[in-house]
Amino acid sequence: MDLADLTHKARILTRLEQEGLKNILFTNCVKDENVKKVIPLITDLVSSSQRYQRAENVEYCIMVIGVPNVGKSSLINSMRRLHLRKGKASPVGGEPGITKAVLTRIQVSERPLMYLLDTPGVLAPRIESVETGMKLALCGAIRDHLVGEDIMADYLLYTLNKQQQFSYVERYGLGEPSDDIESVLKRVALNLGKKHKVKVLTGTGDVNVIAPDYPAAAYELLRTFRKGELGQVLLD
């Protein structure tokens, strides 16, 4: 919840409930907010379910599932910090595919005795629309190179302008908001000193010129957005 615009929290809850989801918690694993509510909720749900009412079972084993790069490993590590005062047990990263297989179970609580299974991210076999795919890509659920950083940066700029999130203007020294991704990326590249040599064909031979590094600028724009440094944005 540290990256989303929670002024839309009521709308998010309504949508999730319409899809049949219950017992929803908003957590922030960076600051460990609301994470302490997870284990009591799981305990209540399991103990109230007749299907799992087994007297001989004194421990809980829970599987953590979700789309790629949504924070599953971060949740496990946050729970370990809070309940066991221990460090990372599951590797994390700002891109999909960090967790490549179901890991051995990881203890996150002593009382009750609870283990979690970290799992690789899963997506639906088909993405319903190009726009849905772009949103997933911006969130890091799809590898950048499969879509193209320049295309994703263009869609991000469109989204920021549509939601009147203009923090990128001051951050990168633009005079005003712009919907021209090329000019924005040029300014980002110049602002960060990102340049590279480009070979230009002329009538007298090849000439190397210094030009703004647009791919590096696009990557920087995406990375900054994913860290929440361009504001809290709700893509749906």
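Reply: This is a predicted model. Asp150, Asp154, Asp179, Asp180 and Glu182 form a negative surface patch.

Me: What makes the patch of Asp150, Asp154, Asp179, Asp180 and Glu182 negative?

Reply: Asp and Glu count as negative, and the patch consists of Asp150, Asp154, Asp179, Asp180 and Glu182, so the patch is called negative.

Me: Why is Asp150 called partly exposed?

Reply: Asp150, which is found in helix H6 (residues 149–162), has a relative accessible area of 48%. Buried means under 20% and exposed over 50%, so Asp150 at 48% is partly exposed.

Me: How do you know that Asp32 and Arg81 meet in a salt bridge?

Reply: Their side chains come to 2.7 Å, N to O. The cut-off is within 4 Å, so the pair of Asp32 and Arg81 counts as a salt bridge. Asp32 lies in the loop between helix H1 (9–18) and helix H2 (38–47) and Arg81 in helix H3 (residues 72–84), so the pair ties together parts 49 residues apart in sequence.

Me: Lys135 forms a salt bridge with Asp236. Why does Lys135 count as buried?

Reply: Lys135 has 17% relative accessibility. Buried means under 20%, so Lys135 counts as buried.

Me: What makes Asp236 exposed?

Reply: The relative accessible area of Asp236 is 64%. Exposed means over 50%, so Asp236 is exposed.

Technical notes: Residues numbered from 1 in each chain as written. Predicted model: local features only at pLDDT ≥ 70, side-chain atom pairs only at ≥ 80, totals over all residues. Heavy atoms only, no water. Patch = residues over 30% accessible without salt bridge, like charges linked within 9 Å, V, L, I, M, F, W, Y side chains within 5 Å. Areas by Shrake-Rupley, 256 points an atom, 1.4 Å probe, with all protein chains shown as cover. Charge placed at Lys NZ, Arg CZ, Asp CG, Glu CD. Helix = DSSP H or I, 4+ residues; strand = E, 2+ residues; numbered from the N terminus. Buried < 20%, exposed > 50% of the residue type's maximum accessible area, 1.4 Å probe, protein only.
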